[in-house]
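Subject: Structure for your files

Hello,

Here is the structure we spoke about. My notes on it follow below.

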Amino acid sequence: MQVSVDRDRCCSSGMCVTNAPEIFDQDDRDGLVLLRQTSFRPDQFADLRLATELCPGGAISLTESDAISLTEGSAISATESDAISATEGGA
Ligand code: SF4
């Protein structure tokens, strides 16, 4: 899972810090979002998704990618990639 933030879209609401305080912080000078981590544990994924959904500025982008490859015996090979981007209004 990868997360990026667009500080140009951030309106300093602090919702991300409320919903995922381990992951997000706000700059002391301007209140804009800061990422505290660049890699994430699976138990943080729900908080990340919630923070992304509820960000009022649509400033958080979340990319989820999972790859499954069963090459031994050539039985199944599949790759799945999903991208979720919050839009203004959090929908
Ligand atoms: S919730 Fe969105 S708009 Fe609010 S501080 Fe975090 S990134 Fe910025």
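The largest nonpolar core has 14 residues, and Cys16, Ala20, Phe24, Leu48, Ala51, Cys55 and Ile60 have the most contacts inside it. Such a core is a set of buried Ala, Val, Leu, Ile, Met, Phe, Trp, Tyr and Cys residues joined through C-beta atoms within 7 Å. Buried means that 20 or more other C-beta atoms lie within 10 Å of the residue's own, with C-beta atoms placed from the backbone. Two or more residues of this core come from each of H1, helix H2 (45–54) and strand S4 (60–70). Helices (H or I, at least four residues) and strands (E, at least two) are DSSP runs, numbered from the N terminus.

This is a predicted model: local features need pLDDT of at least 70, side-chain atom pairs count only at pLDDT 80 or more, and totals for chains, interfaces and linings use all residues. Numbering starts from 1 along each chain as its sequence is written.

Ala20 touches Asp47, Leu48 and Ala51, leaving aside residues up to four places away in sequence; contact means C-beta atoms, placed from the backbone, within 7 Å.

As for the chain, its elements run β-α-β-β-α-β-β from the N terminus on. Of its 91 residues, 19% count as buried.

Regards

Note on methods:
A residue is buried if 20 or more other C-beta atoms lie within 10 Å of its own, exposed if 12 or fewer, and partly exposed in between; C-beta atoms are placed from the backbone. Two residues are in contact if their C-beta atoms, placed from the backbone, lie within 7 Å.
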